[in-house]
Amino acid sequence: MSRVYNFCSGPAALPEAVLKKAQAELLDWHGTGTSVMEMSHRSAEFMSILASCKARLSRLLDIPENYEVLFVQGGASTLFAQIPANLANGFESACYLDTGTWSAKAIKEAQKYLKVDVVGSSKEGGYLTVPDIPADALNANAAYLHITPNETIGGVEFDHLPETDLPIVADLSSTILSRKIDVSKYGLIYAGAQKNVGPAGVVIVIVRKDLLERSSDDLPSTWNFANLAKNDSMINTPPTFAIYLADLVFEWLEAQGGVAAIEKVNEHKAQLLYDFIDQSAFYSNPIDVAYRSRMNVPFILADESLEATFLAESEAAGLRTLAGHRSVGGMRASIYNAMPLEGVQALIAFMKAFEEKHG
Ligand SMILES: *Cc1c(COP(=O)(O)O)cnc(C)c1O
């Protein structure tokens with residue numbers, strides 16, 4: 001059977017070259033006679049994979065020396081709790097920017113640990129834009145400012161960072177490695193792997209070393225960022241196969257020319273799709289043009305009664321998982337790093353033909 005173009009928001013498509021390499025190495029990794037899944041996490045072989053994964057990520061994102069890279073389990077949703085648990089020790093409140101479903105979930109979890117100051121929200125308008133943060137909204141005594149630069153469900157993305165001395169904590173789950181970022185501007189970055197990094201099961205955390213001093217010994221040891229850093233993310237068995245695949249994805253990304261090169265491709269892919277949607281009266285995207293996501297492109301049909309037909313026909317045409325999130329409906333094309341330009345071109349050709357047939 002041939003591979004389809006998979007527009008799933010996550011777990012998302014992986015580069016075919018990565019899957020082929022993993023397949024070729026599956027039974028016998030580098031002459032060891034075992035698969036990575038069967039190796040001790042403390043073996044020299046796995047330690048070399050972990051070190052390679054960290055080194056490649058550090059090169060790709062140009063991570064400064066005063067940051068630690070951690071591999072954490074439990075998904076980005078667990079980080080929603082682990083972040084206040086680690087960073088809010090000795091603080092009463094934290095600031096959160098509310099730009100969509102994922103920020104709202106992060107806020108809800110944080111409220112179990114501290115007082116959350118919502119410093120801006122676009123909820124009232126249906127999360128179609130990114131709110132400004134009023135200059136006086138940021139409490140200088142807050143533990144940190146949390147932002148979600150790409151709202152995977154709503155399709156809202158921004159890359160400007162608020163002016164503040166507070167450590168900026170960013171959920172980059174669906175945008176990490178898709179565009180250049182300046183890591184030194186952040187206190188902590190986290191990203192679940194299953195959008196742009198690899199399979200589900202591991203969360204990448206990049207944290208400024210001085211912030212590790214906030215983690216209290218009272219925390220569960222597997223939740224304690226300082227403890228994770230001290231033990232090279234190996235307090236217990238890490239998700240070894242997920243880390244191995246992330247390393248292969250990073251290797252692939254380096255071969256593509258790194259983040260700057262893939263950013264150009266991502267810009268082009270998104271531009272093609274939004275341009276097509278905008279010139280059509282049949283399809284539309286409701287997001288403020290300045291904040292449209294390059295990674296997740298939601299769109300609706302002028303005639304909603306055609307949605308089921310659109311999904312059935314696109315599926316039959318080898319364009320997979322175009323349904324919008326269950327909470328918002330409509331369609332959504334997730335076009336992460338691993339989605340080739342040809343996939344976006346095939347989607348546009350399909351949308352054009354569908355419009356001609358049903359419009
Ligand atoms: C997918 C996603 C999450 C949740 O990830 P889980 O690994 O399922 O917990 C959180 N934030 C953003 C921005 C996401 O895209």
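1. I begin with a helix pair in this predicted model. On the α2 side the contact is formed by Phe46, Ile49, Leu50, Ser52, Cys53, Arg56, Leu57, Arg59 and Leu60, and these meet Thr240, Ile243, Tyr244, Ala246, Asp247, Phe250, Glu251, Leu253 and Glu254 of α6. Sorted by class, the residues of this contact comprise 11 nonpolar, two polar and five charged.

2. As for the geometry of that pair, helix α2 (residues 44-61) and helix α6 (residues 240-255) have axes that come within 9 Å and cross at roughly 40°. The crossing of α2 and α6 is left-handed.

3. Which residues make the contact of α3 and α4? From α3 it draws on Ser77, Phe80, Ala81 and Pro84, and from α4 on Trp102, Lys105, Ala106, Glu109 and Ala110. In terms of class, the contact of α3 with α4 has six nonpolar residues, one polar residue and two charged residues.

4. Turning to the domains, the assignment for the protein gives domain 1 as 16-255 and domain 2 as 257-358. The centres of the two domains, taken over C-alpha atoms, are separated by 27 Å, and 27 residues of domain 1 are in contact with 25 residues of domain 2.

5. Between them, domain 1 and domain 2 bury about 2,100 Å², of which 55% is on carbon and sulfur atoms. Of the area that domain 1 buries against domain 2, Leu128, Ile153 and Glu157 supply 24%, which is more than any other three residues.

6. Gly10 and Pro11 are joined by a cis peptide bond, with omega at about -10°, and Pro11 lies in the loop between β1 (5-6) and α1 (16-25). Asp62, although it is not a glycine, has a positive phi of about 50°, and Asp62 lies in the loop between α2 and β2 (67-72).

Note on methods:
Residues numbered from 1 in each chain as written. Predicted model: local features only at pLDDT ≥ 70, side-chain atom pairs only at ≥ 80, totals over all residues. Heavy atoms only, no water. Contact = heavy atoms within 4.5 Å. Helix = DSSP H or I, 4+ residues; strand = E, 2+ residues; numbered from the N terminus. Nonpolar A, V, L, I, M, F, W, Y, C, P; charged D, E, K, R; others polar. Domains from an automatic or database assignment. Buried area = accessible area lost by both parts, 1.4 Å probe. Axes fitted to C-alpha atoms, helices over the stretch in contact; angles between N-to-C directions. Left-handed = near helix turned anticlockwise from the far one by under 90°.
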